[in-house]
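Let's take a walk through the charged side-chain pairs of this structure. Have the model open beside you as you read.

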Amino acid sequence: MFERLTSGFSKIFSRASRKGRLKPADIDEVLAEMREALLDADVHTKVVEKFCNQVRAECLSAELHQALNPAQQITKIVHSELISILGGESFDFKYSSQPPTVVLLAGLQGSGKTTAAAKLASWFLQQGRRPLLVGADLQRPAAVEQLRVLGEEAGVPVFSDTAAPPKVAARGLSEANRLGRDVVICDTAGRLAIDKELMAEISKVGKALKPHYTFFVADAMSGQNAAVVAEQFNEAVALDAVILTKLDSDARGGAALSVREVVGCPVAFISTGERLGDLEQFHPDRLAGRILGKGDILGLIEQTEQTFEQDEAEAAAERLIAGTYTLDDFLEQMRQIKKMGSLSSLLSRIPGSPENVDDAATDKRMAHMEAIICSMTPLERFKPEIINNSRRQRIAKGSGTSTADVSKLIKEFTNARKMMGSLTKSAGMKRSGKKPNRKKGGRVTPKGGRQHGRTPQGAVTGIDLAKLEQELGIDLSQLEN
Amino acid sequence: MALFKRRAKSQTAEDFASDVAAPEDSSFNALDNSELEVHAPELNLPTLTWEEAEEILLQADLGVATTNKIVQLAQDNYSGEVSERLQQALLAELTQPMSPEENAAVGDADIADAGVGDFAEVAGVATEASPAIWLVVGVNGVGKTTTVAKLAKAQKDQGHRVVLAAADTFRAAAIDQLQTWADRLDVSLVKGAPKGDPAAVVFDAVEHAKARGADLVIADTAGRMHTKDNLMEELQKILRVANKSQGTVSEILLVIDSTTGQNGISQARVFNESVRPTGIVLTKLDGSSKGGVVVSVQQELQLAVKFIGVGEGLSDLRQFDPAAFATTLLCGA
């Protein structure tokens with residue numbers, strides 16, 4: 001994601017690093033290229049001008065003249081300017097003290113509101129909340145039906161009605177109270193910002209719902225008009241934050257910068273894939289790092305931590321140490337990884353990881369592996385050693401694969417078990433040395449709901465924090481702050 | 001439809017709003033102007049400096065390279081007010097790659113026949129045994145399903161017997177959405193199971209059309225990110241299967257949302273490589289977006305805009321008029 005912006009910037013920086021010292025003429029040259037990179041990333045012209053002017057002013061300020069490494073200088077300035085344009089601090093979602101916390105979604109047609117609503121519901125579920133989806137899109141044929149299907153997939157109830165949208169919203173609210181749901185997500189019809197009638201309608205929905213948060217759903221592929229549209233929506237319903245969708249395309253995502261700058265509301269969530277789990281909170285500082293080519297390890301760790309159901313993960317880890325890790329655990333973990341979203345979206349956050357991951361092939365392989373394991377008896381899963389030729393043939397038949405596939409899986413599993421065993425012995429289950437200072441502050445896991453003093457993700461997911469730090473040459477605990 | 005092209009080229013800002021001459025040949029008249037009149041609000045070109053002009057073009061999503069090119073062209077080749085020169089340059093860019101002379105020079109007769117706003121003839125393509133097939137493709141959320149409904153209405157009004165194929169089996173409730181439109185239009189809809197094989201749906205729709213004596217199948221496909229190889233392969237499969245059916249694929253329409261920025265070029269490139277669309281439908285032009293990215297697309301891929309969508313109603317489909325488009329684009333936000 002944001003690749004185009006990133007690649008544009010890295011080119012500019014490599015040019016800058018070849019220069020010995022920053023001169024005003026150099027700065028202008030670099031800025032001209034930066035302007036072009038930003039415009040091609042669909043950042044609004046006015047925002048680009050402002051950005052370039054600020055960077056120029058910073059670059060020319062007296063103290064920086066003395067420094068020696070111009071590339072570092074510019075990187076630092078651009079980084080801090082990017083963060084300030086992207087909104088500085090991360091958006092902090094606060095739940096109302098008097099539930100339900102109400103969220104209203106608004107945006108143009110086709111920006112992805114309905115899908116975003118379902119993904120958001122799924123996200124709230126993971127946070128341990130009990131969301132209710134309200135479908136107030138009575139404009140587009142079958143929009144409510146779409147929400148119902150997605151709600152069912154996410155395991156979240158959906159309320160709708162054939163009344164006018166403001167009424168549906170109000171009824172949805174009382175339905176949430178009746179059912180004891182603590183978060184309400186209201187999906188609305190897509191509308192053009194210049195359609196006065198529909199804009200009046202959404203402000204009525206806003207008045208009926210009195211949302212705690214109004215999210216503007218924006219397509220990452222939007223062009224210059226995104227800023228203008230956001231401004232008009234802001235006038236109608238007072239936007240609090242943005243959900244940026246379709247970031248799994250090769251979109252440059254410049255709209256995020258424009259909207260933030262023009263309307264002043266931050267990007268709260270980004271959606272990076274077609275699955276319900278492909279929604280994450282947006283962190284401007286990490287994005288600024290990503291634009292400059294540093295990856296987003298923190299986001300990955302957070303997602304890993306959230307998806308893996310703690311109790312199960314711990315149990316599996318214990319079995320791993322005891323050497324009783326079975327194919328059932330293997331299957332469970334594979335399913336957990338699937339929940340985290342596509343592999344390419346995970347890998348895009350690790351700097352230096354391969355750019356092109358064939359999601360389709362990986363998915364297919366995982367599906368095959370799942371089928372093979374599911375075709376085994378409990379005993380076979382527990383003790384794959386007993387699988388002889390006749391059993392192998394039965395399993396292959398049952399899973400629609402070949403006996404070679406079955407053998408391959410068993411071999412891979414045995415190797416993995418061996419490797420993981422030696423890994424846990426050498427690295428230890430816990431991260432040695434200092435304890436991560438990350439606050440787990442009352443995060444409620446879907447299953448357990450208790451607080452954990454330690455972070456088992458290192459061992460469980462195969463991401464060993466200490467090792468990762470060593471490889472990347474960075475201090476993760478510093479990143480966290 | 002050479003007539004339309006010539007007229008468009010000679011148009012100026014003052015007279016572009018006049019109504020479009022009806023095409024002469026009309027065994028099939030997809031562009032019947034009583035139904036699809038040109039979307040042409042009465043606008044006067046603003047007085048601009050070159051700097052303002054550049055900003056307007058950038059804000060209309062033409063992108064840096066195309067903006068520079070247009071400005072250069074306007075400065076070199078035309079005279080008069082800045083905005084008039086730009087309009088002429090834009091018009092030249094929008095129509096020129098489609099000119100019969102140039103295409104004749106390249107020696108590509110097929111392209112020469114398919115000019116701006118031109119459309120494959122259902123009557124010409126379809127026979128008793130073989131209905132025409134139109135595929136509607138594009139990324140997520142651009143308005144494919146609505147466009148299918150609008151196309152169906154226009155064709156039905158022309159006296160064609162239309163069958164819709166709900167080949168978007170992926171998005172939740174997409175089939176229901178198209179069913180609603182089909183009911184309103186009173187045309188038959190062939191659908192498969194949700195998550196089923198979309199190619200099979202198209203194939204079945206052709207069979208159905210043949211059995212019922214319908215001469216046109218319009219297929220709605222699932223939105224797919226052009227970056228997802230597997231989904232692009234699925235689309236190729238739909239095309240392959242459609243070609244093997246008893247129908248004839250005569251149009252592949254790529255739907256582009258006019259709010260799209262520079263990513264539109266990337267979309268068009270990949271779809272072009274994958275299924276070679278025969279034209280573009282530019283949707284949501286009733287908003288404040290200008291859809292300027294199609295200028296770059298047309299330049300790079302010689303892929304012409306055939307229709308524009310200007311609203312959510314069934315009749316809100318218009319023939320693309322380059323002159324009107326250029327003027328609206330220059331009139332700013």
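A residue is called buried when its relative accessible area is under 20%, exposed when it is over 50%, and partly exposed in between (1.4 Å probe, protein chains only). This is a predicted model, in which local features need pLDDT of at least 70 and side-chain atom pairs count only at pLDDT 80 or more, while totals for chains, interfaces and linings use all residues. Residues are numbered from 1 along each chain as its sequence is written, chains are lettered from A and ligands numbered from 1 in the order in which they are written, and side-chain values use heavy atoms, with hydrogens and water left out.

Over all chains, the structure holds 22 salt bridges, each a side-chain nitrogen of Lys or Arg within 4 Å of a carboxyl oxygen of Asp or Glu.

Start in chain B with Asp168(B), which is buried at 4% relative accessible area. Its salt-bridge partner is Arg171(B), with 3.9 Å between the closest N and O atoms. Arg171(B) is partly exposed, at 27%.

Next, find Arg269(B) and Glu300(B), whose side chains form a salt bridge of 2.6 Å, N to O. This pair links distant parts of the chain, 31 residues apart: Arg269(B) sits in helix 12 (residues 263-275) and Glu300(B) in helix 13 (residues 293-301) of chain B. Here helices are DSSP runs (H or I, at least four residues), numbered from the N terminus. Arg269(B) counts as partly exposed at 38%, and Glu300(B) is partly exposed at 38%.

Now turn to chain A, where Glu49(A) and Arg35(A) form a salt bridge of 3.2 Å, N to O. Glu49(A) lies in helix 3 (residues 45-60) and Arg35(A) in helix 2 (residues 24-40) of chain A, 14 residues apart. Together with Glu54(B), Arg35(A) and Glu49(A) are linked in a network of salt bridges.

Technical notes
Helix = DSSP H or I, 4+ residues; strand = E, 2+ residues; numbered from the N terminus.
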